[in-house]
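Subject: Structure handover

Hello,

Here is the structure I said I would pass on. My notes on what was found in it follow below.

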Amino acid sequence: MSNTWRAVLDILADGDWVSGPAIGAQLGISRTAVWKHLKQLQEWGVPIEKVKGQGYRIDEGIELLSQPIILKAMSSKSALLLEELELLDHIDSTNTFARQQVERSFAKGYVCMAERQTQGRGRLGRQWVSPFGRNIYLSATWDFDNGVTALEGLSLAVGVAVCGAIQRLGVEDVSLKWPNDILVNGRKVGGILLEMLGDPVGLCQVVVGVGINFAMPKDAEIDQPWADLGHYENLTRNSLAAGILSELLPLLSTYADVGFQYYRRAWEGFDAHRGIKVRLSTPGRVVEGVARGVSDTGAICLEIDGVQRFFSGGEISLRSLE
Ligand code: BTN
């Protein structure tokens with residue numbers, strides 16, 4: 001059987017203990033084959049526990065992505081804007097994959113999600129930790145007429161959309177760290193990576209990548225305080241994916257008309273650092289000042305020695321000094 005690993009996973013999905021021979025008997029495969037699939041799943045990041053005498057289990061179970069569940073839970077408006085939803089088991093990066101779709105067909109409203117990324121990418125050239133079946137790795141494509149100008153502030157607006165979706169699903173204390181880190185209780189729960197293709201002054205396409213930690217393994221190697229959302233009541237990976245798409249696709253379809261100024265106040269409502277002393281690091285220099293919100297184009301405003309100065313660009317990182 002192809003995808004036997006998926007059948008093994010289905011048996012373990014409810015979180016109950018099951019013995020190796022019982023898995024083998026259900027699937028008509030040898031114990032060695034069962035063991036190989038379990039080992040493979042563990043290597044992909046699935047937290048399978050083994051206890052002598054009890055067998056195997058995935059503590060708290062696992063929920064794989066489901067197209068019918070996501071489509072059913074999306075708002076009708078967003079469903080109309082969705083051209084295609086492709087669910088992938090493994091991919092290097094959903095952003096890279098979506099980019100290839102755009103290059104082939106100028107896709108608009110194309111969305112892909114993956115169970116696992118082998119080369120998930122974050123901002124500033126960082127790796128994005130992407131174990132199997134645990135989190136949300138999603139990329140959506142759209143096209144715009146006026147190149148870079150039309151996209152100004154878009155990554156911040158996407159942050160507003162994702163925060164709104166998470167909040168509507170019942171999570172409190174959601175905030176944004178400029179430009180678009182998503183925080184819950186002050187810890188990073190997700191991030192956004194925008195990539196542009198096409199003509200920088202004319203017709204261009206954008207790939208919007210969103211990564212949200214849902215059930216990150218506790219021992220994940222992440223070099224900053226992080227959080228995940230899996231323990232919130234009634235929140236599932238599929239409902240989270242549907243919630244994000246319900247906000248994101250309508251935003252992409254209207255952004256060229258309204259621009260970031262439409263989202264600015266909402267962004268500032270989520271701002272985790274407003275009125276707080278911060279340090280901005282760029283490849284060339286470091287500046288410190290009090291964060292005073294953002295401009296109509298999404299630049300961050302810092303008050304330095306009583307003077308307000310604006311900073312923008314993809315290479316800047318921000319740290320709180322309080
Ligand atoms: C950040 O560094 O904060 C941005 C993280 C963006 C991660 C997402 S996961 C889906 C998409 N595919 C990637 O390789 N990266 C983005």
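By the rule used here, the count of salt bridges comes to 16; a salt bridge is a side-chain nitrogen of Lys or Arg within 4 Å of a carboxyl oxygen of Asp or Glu. Before the details, two remarks on the source. This is a predicted model, in which local features need pLDDT of at least 70 and side-chain atom pairs count only at pLDDT 80 or more, while totals for chains, interfaces and linings use all residues. Residues are numbered from 1 along each chain as its sequence is written, and side-chain values use heavy atoms, with hydrogens and water left out.

Salt bridges

R121 and E195 form one of the salt bridges, with their closest N and O atoms 2.6 Å apart. R121 lies in the loop between β4 and β5, and E195 in strand β8 (residues 187-198), so the pair ties together parts that are 74 residues apart in sequence. Helices (H or I, at least four residues) and strands (E, at least two) are DSSP runs, numbered from the N terminus. E195 is buried, with a relative accessible area of 14%, whereas R121 is partly exposed at 32%. Buried means under 20% relative accessible area, exposed over 50%, and partly exposed in between, with a 1.4 Å probe and protein chains only.

Another salt bridge joins the side chains of E288 and K277 (4.0 Å, N to O). E288 belongs to strand β11 (residues 286-294) and K277 to strand β10 (residues 277-281), so this pair ties together parts that are eleven residues apart in sequence. E288 is partly exposed, with a relative accessible area of 33%, and K277 is partly exposed too, with 36%. There is also a network of salt bridges that links R264, E268, R274 and D296.

The β1-β2 hairpin

Strand β1 (residues 48-51) and strand β2 (residues 55-58) pair in the antiparallel sense over four bridges. Strands count as paired if DSSP finds at least two bridges between them. Three residues lie between the strands of this hairpin, and G53 takes a positive phi near 90°. E49 stands opposite R57 in β2, and E49 also forms a salt bridge with R57, the closest N and O atoms being 3.2 Å apart. E49 is partly exposed, with a relative accessible area of 28%; R57 is partly exposed as well, with 21%.

The seven-stranded sheet

In what order do the strands of the open sheet of seven strands stand? The order is β3-β4-β5-β9-β8-β7-β6, and the pairing is mixed. β3 (84-91) and β6 (174-177) stand at the edges with a single partner strand each, so one side of each is left without a neighbour in the sheet. From one strand to the next, the twist averages 20°. β3 runs parallel to strand β4 (residues 110-117), and seven bridges join them. E86 stands opposite C112 in β4.

Helix α9 (residues 237-258) packs on the sheet and touches β3, β4, β5 (136-144) and β9 (204-212). The direction of α9 makes about 15° with that of β5. Contact means heavy atoms within 4.5 Å; axes are lines fitted to C-alpha atoms, for helices over the stretch in contact, and angles run from 0 to 180 degrees between N-to-C directions.

A107 is found in the loop between α6 (94-105) and β4. A107 is buried, with a relative accessible area of 11%, and touches Q101, V102 and T141, not counting residues up to four places away in sequence.

Domains and cores

The domain assignment of the protein chain gives domain 1 (4-58), domain 2 (67-268) and domain 3 (273-321); the bounds come from an automatic or database domain assignment. The centres of domain 1 and domain 3, taken over C-alpha atoms, are separated by 50 Å.

A nonpolar core is a set of buried Ala, Val, Leu, Ile, Met, Phe, Trp, Tyr and Cys residues joined through side-chain atoms within 4.5 Å. The largest has 67 residues, of which I166, I182, I212 and L229 touch the most other members. This core draws at least three residues from each of domain 2 (67-268) and domain 3 (273-321). Apart from it lies another core, of 20 residues, including V8, I23, V34 and F132.

Regards
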